[in-house]
Number of protein chains: 4
Amino acid sequence: MRDVHALEPTRSRLGLREVGVSGVRKPLSVRRPGGAVTLHAEFSVHVDLPASRKGSDLSRNAEILAEIVDATALRPVASLEEACRAIARELLLRHSYAHRTRVDARADHFLPRGVTPGRRSFEDFLLLADARAQREEDGSLSAESYSVGAEALGMTACPCAMETARARLEEEFPLLKDPSLASLPIVSHNQRNRTTLLFGFTEPAEVEAEEIVAAIEEAQSSPTYAILKRGDEAGVVLAAHRNPKFVEDVLRDLLTSVPRKFPSLPDSTIVRASTRSEESIHKYDVTASHEASFRELRRGLGT
Amino acid sequence: MRDVHALEPTRSRLGLREVGVSGVRKPLSVRRPGGAVTLHAEFSVHVDLPASRKGSDLSRNAEILAEIVDATALRPVASLEEACRAIARELLLRHSYAHRTRVDARADHFLPRGVTPGRRSFEDFLLLADARAQREEDGSLSAESYSVGAEALGMTACPCAMETARARLEEEFPLLKDPSLASLPIVSHNQRNRTTLLFGFTEPAEVEAEEIVAAIEEAQSSPTYAILKRGDEAGVVLAAHRNPKFVEDVLRDLLTSVPRKFPSLPDSTIVRASTRSEESIHKYDVTASHEASFRELRRGLGT
Amino acid sequence: MRDVHALEPTRSRLGLREVGVSGVRKPLSVRRPGGAVTLHAEFSVHVDLPASRKGSDLSRNAEILAEIVDATALRPVASLEEACRAIARELLLRHSYAHRTRVDARADHFLPRGVTPGRRSFEDFLLLADARAQREEDGSLSAESYSVGAEALGMTACPCAMETARARLEEEFPLLKDPSLASLPIVSHNQRNRTTLLFGFTEPAEVEAEEIVAAIEEAQSSPTYAILKRGDEAGVVLAAHRNPKFVEDVLRDLLTSVPRKFPSLPDSTIVRASTRSEESIHKYDVTASHEASFRELRRGLGT
Amino acid sequence: MRDVHALEPTRSRLGLREVGVSGVRKPLSVRRPGGAVTLHAEFSVHVDLPASRKGSDLSRNAEILAEIVDATALRPVASLEEACRAIARELLLRHSYAHRTRVDARADHFLPRGVTPGRRSFEDFLLLADARAQREEDGSLSAESYSVGAEALGMTACPCAMETARARLEEEFPLLKDPSLASLPIVSHNQRNRTTLLFGFTEPAEVEAEEIVAAIEEAQSSPTYAILKRGDEAGVVLAAHRNPKFVEDVLRDLLTSVPRKFPSLPDSTIVRASTRSEESIHKYDVTASHEASFRELRRGLGT
C-alpha cells in the first residue's frame with residue numbers, strides 16, 4: 001500500500017510553513033505543591049512541510065499527544081509548558097522531514113480565591129503555553145523557545161469618568177468640595193477586565209502560573225470573587241474606585257511590575273501582555289497590548 | 001431513481017418532532033419608514049416527520065428560504081416575523097406529510113443612538129422572531145403563532161452595593177451624613193446588561209422592533225452609547241447610579257411597562273423576558289427570566 | 001445595614017420565575033470505578049422570586065456551589081447529576097422565600113477510545129445534567145426531578161447521495177452493475193455528527209454517563225477516533241459507508257435502542273435526543289430532535 | 001476640567017504598542033457593479049501611545065468610525081479595505097501623539113451560488129481587511145499598508161483514505177481491479193473545509209473580494225451549495241471524490257494559482273493563506289497555513 005503522504009506533490013511544489021492538528025482536547029496531570037492536579041488542556045501541534053512531500057504524517061501528531069499527555073495520568077508532568085516542550089521535541093523526531101515545529105496549549109485552571117479565608121472558593125483562570133523547536137543543519141534539535149502565561153478576569157474602574165463625575169457633582173453638591181471629602185471615592189463606570197500575561201523564553205526558566213495570575217490581579221483595579229456577602233461587595237467596589245485604572249494603566253502597571261515580581265528571569269525574556277475592558281458604558285470593548293523584553297523593562301524603556 | 005427519503009424507515013418506526021436545517025444565513029430586505037433596510041438574518045426551519053417516512057425533504061427547506069428571503073432583495077418584506085410566517089406556511093405546503101412547522105430567526109439590526117443628536121451613530125441590536133404553523137385534520141393550515149422580539153445591551157448599577165458602600169463611607173467621611181448629600185450618587189459596581197424581550201402572538205398583531213428595543217433600554221439603569229466625549233461619560237455614569245437596578249428590577253420594570261407601552265396588543269399576548277448582568281465584581285453572570293401573558297400583566301399579577 | 005434584597009419591590013410587584021447565577025465554573029471530583037476523576041463543570045443555578053421581595057440572595061448560590069462542589073476535592077460525589085440534586089435541595093433550604101429551583105450543569109469528560117487497544121487515547125465528550133426541586137404547601141421539599149445525559153461527536157454518511165451516486169456511476173461504469181459489486185460501498189457525503197441524549201427522571205434511577213455515550217456512538221454511522229493510522233482510516237470510512245444514516249436514522253436508531261440498552265429505567269423516564277450534522281456539502285447544518293417517554297418507546301409509538 | 005488622558009502617567013512610564021476599541025459593529029455600504037450593498041462589518045481600531053501620555057483619546061476612535069462608516073449609508077465606499085485605509089489615516093490625524101495605527105475589519109458578504117442558474121441562492125462568505133499607517137519623522141503620513149481577503153467554506157475529500165479504502169475493497173471485490181473501473185471514485189472521508197486567503201499590499205492595488213472567494217472555491221475539492229436536489233448531491237459528491245485533496249493540496253493549489261488568477265498584482269504582494277478541515281473521522285481539526293510573496297510564488301519557490 002502506497003504512503004500517499006510521502007509521495008511527491010503532483011500539482012504544485014511549495015514548502016508549507018505549518019501543517020498540523022488543532023483543537024485536540026486532553027486531560028493533563030501536572031505536579032503541584034499539594035499533589036497532582038488535572039488540567040483540561042487543548043492542544044494545536046504543527047510542523048512545516050518540505051516542497052518534496054505531498055502530505056504531513058498527521059497521525060503521528062495524534063500519537064505523540066496521546067503518548068505524552070495521556071501518560072501524565074500515571075506520571076504527572078511538571079507543567080503545561082513542559083508538556084508543550086516535550087511534544088515539540090518529539091514532533092521533530094518523528095517528522096524526519098520537518099525543520100520547525102510549534103505547539104500551542106491552553107488549559108482551564110482553578111485557584112482558591114476569597115476576600116477572607118472563610119469566603120474562599122475555587123475560581124477559574126486560563127493557562128497558556130507554547131513551544132517551538134527547530135532542527136539545525138547538522139540534524140541536531142536546537143533553537144528551542146517556549147512561552148508560559150495566564151489570563152485572569154478582574155475589574156477596572158475608569159479614572160476619567162470619575163474625575164468628570166466629581167466636577168459635575170461638586171456643582172450640584174457644593175459640600176463635596178469640603179477638604180474632608182477630597183478622597184471620597186466618586187462614581188465611575190467599572191467593568192470586567194480580561195488580562196493576559198505571557199513570558200517567552202529561549203532558555204529554560206522557572207516561573208509559576210500562580211504567580212503570573214497574581215501579577216495580573218494586582219495590576220487590575222481589583223480582583224473579583226465568586227463569594228461576596230453584602231459587606232464584601234462594598235469592600236471590592238471601594239477598593240476598585242480607590243484604584244481607578246484605564247486599560248493603559250493596567251498594562252503599564254503590569255509590565256513595570258514584572259521585573260520586580262520575577263527577579264530571576266533573564267534579560268532575554270520577552271513579555272507579551274494584553275488587556276480587554278468589557279466596557280459597561282459602551283457595547284464594544286477597549287483593548288491594549290504591548291510586547292517588551294525584560295532588558296527593556298529593567299531599563300525602564302519598554303518601547 | 002428511488003426517492004430514498006420517501007421510503008419507509010427500515011430499522012425503526014418512530015415519528016420525529018422536528019427535522020430541519022439550521023444556521024442558514026441570508027440577507028433580508030425589510031421595509032422601514034425611511035426605505036428598505038437589509039438585515040443579515042440566520043434561519044432555522046423545521047417540520048415534523050411521520051413514522052411512515054424515512055427522511056424529510058430538506059432541499060425544500062433550502063429552496064423555500066431562497067425563494068422567500070432572496071426575493072426580498074427586489075420586494076422587501078414588512079418585517080423579520082413576516083418572513084418567518086411566510087416560510088412556516090410554505091413549509092407545510094411543500095412538506096405534505098408534515099403536521100407542524102417551526103421557523104426561528106435572528107438578525108443584526110442597527111439603530112441610531114447618541115446622548116445628543118450630534119453624537120448619534122449606528123449601534124447594533126439583535127432582532128428575534130419565530131413562527132409556527134400546524135395542519136388541521138381537514139388539511140387546512142391553522143393554529144399559527146409567532147413571536148417578535150429584540151435584545152439590547154445597556155448598563156446596570158447595583159443598588160445593594162451602593163447602599164452598603166454608603167454605610168462604609170459614612171463611617172470614614174462623617175460629613176457624608178449631611179442632609180444636603182442625601183441624594184449624592186454613591187459608588188457601586190456597574191456592568192454590561194443584556195436583556196431580551198419577546199412577544200408571542202396567536203393572531204396577527206402590530207409591533208415595531210424599534211419600540212421593543214426602546215422598552216428594554218428604558219428598563220436598564222442606562223442605555224450605553226458608542227460615542228461618549230468626556231462630559232458625556234459622567235452623564236451616563238450619573239444617570240445609571242441615580243437609577244440603580246438589580247436584574248430583578250430590570251425584569252420587573254420591563255414587564256410592568258409593556259402594557260402601557262404596547263396598549264394595542266391583545267390580552268393573549270405572551271411576554272417572555274430575560275436579562276443577564278455580566279457582573280463586574282464576579283467572573284460569572286447573574287440572570288433572571290420570566291414569562292407572563294398581557295392579561296396577567298394588566299391585572300398586575302404575573303405569576 | 002438594611003438588607004436591600006429583602007425589601008419590598010418599590011416600582012413593580014411581580015413574582016419572577018427564575019433569578020440566579022450562570023457560568024460558574026468549578027472542578028468537580030466524581031467517583032468512577034478506577035478512582036476519582038475531576039470534571040471541569042459549569043453550573044447555572046436559579047430560584048424563583050416572590051412578588052413580595054426585591055431581590056434574590058445570590059451570594060447564597062455562590063456559597064452553596066462552593067460548599068458542595070469544592071468539597072468534592074476531598075470527598076468525590078457519585079456523579080454530576082448527584083451534585084446537581086444536592087445543590088437544588090440546598091438552594092430551596094437557604095432561599096426560604098423560594099418555591100422552585102433549577103440547576104443546570106455541563107462538564108467535559110474524557111474517555112479512552114481507539115480502533116484497537118494499541119490505538120487507544122483519551123477523547124472528549126460532554127456530560128449534561130440538571131435538577132429541579134419544588135417546595136410543597138406544607139413546606140416539605142418534593143417533586144424533585146433531574147436529568148442526566150451526554151453529547152458525543154461521531155460521523156454520518158448520507159444514504160441518499162450514496163444511492164444517487166451509484167445510479168450515476170452505473171451509467172459511467174456499467175461493470176458496477178455486476179452482482180458481485182452489489183454491496184460495494186459507494187461514495188457519499190459524510191461529516192461530523194453531534195448527538196445529545198438525555199434521560200429525565202422523577203424518581204432516583206441509575207444510569208452511567210459512559211453508557212449514554214456508548215449508545216450515541218452506536219447510533220451514528222461510525223464513531224470517530226483521535227489516532228487513525230492509514231489502514232485504520234479506511235476501516236472507519238468503510239464502516240460508515242456500510243452504515244449510511246440520515247439524521248433521522250441516527251435519532252430513530254438511538255431512541256429505539258434505549259429501552260433495550262437501559263432495561264432497568266422506569267416507564268416514566270423521559271428521553272430527549274437531538275442530533276446535528278455539520279454537512280460537508282452545505283454551509284449550514286441539518287438537525288433533528290425528539291422527546292418521548294420510555295413507556296412510549298417500549299410500546300414502539302413515540303409520537 | 002482636566003483631560004485625564006493627556007496627563008503624564010503617574011505610576012509607570014512606558015510607551016504602549018496598541019490601545020484601541022474592539023468589536024465595533026456597523027453597517028457599511030459598498031459600491032458593487034449592480035448597485036450598493038450593505039455589509040455588516042466589525043471593526044477594531046488602535047493607535048500606539050507614547051510614554052509621556054496617560055491615556056489614548058478613545059472617543060475619537062468611535063467618532064471616526066461613526067463619521068466614515070455611517071456616512072457610507074449616503075455615499076457608499078469602494079470596498080471594505082478602502083474604509084479601513086480611510087479610518088487608519090484619520091486615526092493618525094486626530095491622535096496627534098500617535099505614530100502608528102492599525103485597523104482590522106471583517107464583514108459578512110453574500111454571493112449568489114448554485115449548481116445551475118435555477119438553483120442559485122445567496123450564500124454567506126466572510127470578507128477580511130486591515131490597514132496600517134505610520135507617521136514619519138517629518139510628520140507626514142506614510143508607510144501605509146493594507147490587506148484584503150476572504151474566507152469561504154467548501155468541501156474536501158481525503159486522497160489517502162481513498163487509496164487505502166480501494167486496496168481494502170479490491171481484496172473484498174476482486175472485480176474492482178478490472179481496468180474499466182480504474183477511475184471509479186472510491187469512498188473516503190470528506191468534510192467541511194474553511195479556507196482564508198489574504199493579499200497584503202504596500203501600494204494601492206486592485207483586487208475584487210469576489211475573485212478571492214472564487215480562487216478559494218476552486219482550490220477546494222468542491223464548493224458547497226445551499227440548494228441541492230437529489231441528483232445535484234451526487235454531482236457534488238462525485239466532483240469532490242474526483243478531486244481529492246489534503247489540506248496541504250488545498251493550500252498549495254491555492255497559492256500556486258494566485259499569480260495566474262491575479263496577474264496584475266505586484267511582486268511585493270504578500271499572500272497569507274490558511275485552511276482548516278473539520279475532519280469527519282476525527283473530533284479535532286486539521287489545519288495548514290503559509291505566507292509568501294508574489295515574487296516567491298512567481299518564481300515557484302514559496303519557502
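This report describes how the chains of a predicted model are related and how two of its interfaces are built.

## Basis of the description

Residues are numbered from 1 along each chain as its sequence is written, and chains are lettered from A and ligands numbered from 1 in the order in which they are written. Because the model is predicted, local features need pLDDT of at least 70 and side-chain atom pairs count only at pLDDT 80 or more, while totals for chains, interfaces and linings use all residues; side-chain values use heavy atoms, with hydrogens and water left out.

Two copies of a chain are related by a rotation about an axis and a shift along it.

Chain A is assigned domain 1 (14-114 + 121-134) and domain 2 (136-303), with bounds that come from an automatic or database domain assignment. Their C-alpha centres lie 28 Å apart. In chain A, 22 residues of domain 1 are in contact with 28 residues of domain 2, contact meaning heavy atoms within 4.5 Å. The two domains bury about 2,100 Å² between them, 52% of it on carbon and sulfur atoms (buried area is the accessible area, with a 1.4 Å probe, that two parts lose on being put together, summed over both). On the side of domain 1, A:Arg85, A:Leu128 and A:Gln134 lose the most area to domain 2, together 26% of what that side buries.

Across this domain interface there are 4 salt bridges (a side-chain nitrogen of Lys or Arg within 4 Å of a carboxyl oxygen of Asp or Glu). The side chains of A:Arg113 and A:Glu217 meet in a salt bridge, at 2.9 Å from N to O. Helix H2 (80-94), strand E3 (100-113) and strand E4 (121-135) of chain A each supply at least two residues of the side of domain 1 that touches domain 2; helices (H or I, at least four residues) and strands (E, at least two) are DSSP runs, numbered from the N terminus. The largest share of that side, 12 residues, comes from E4(A).

## The interface of chains B and C

Chain B and chain C each give 60 residues to their contact. The area buried between them is about 4,700 Å², of which carbon and sulfur atoms give 54%. In chain B, the residues that lose the most area to chain C are B:Leu14, B:Arg252 and B:Tyr284, together 15% of what that side buries.

The count of salt bridges between chain B and chain C is 2. B:Lys54 forms a salt bridge with C:Asp249, the closest N and O atoms being 3.0 Å apart. Elements of chain B that each supply at least two residues of the side touching chain C include strand E2 (35-49), helix H3 (159-172) and helix H6 (247-261). The largest share of that side, 9 residues, comes from E1(B).
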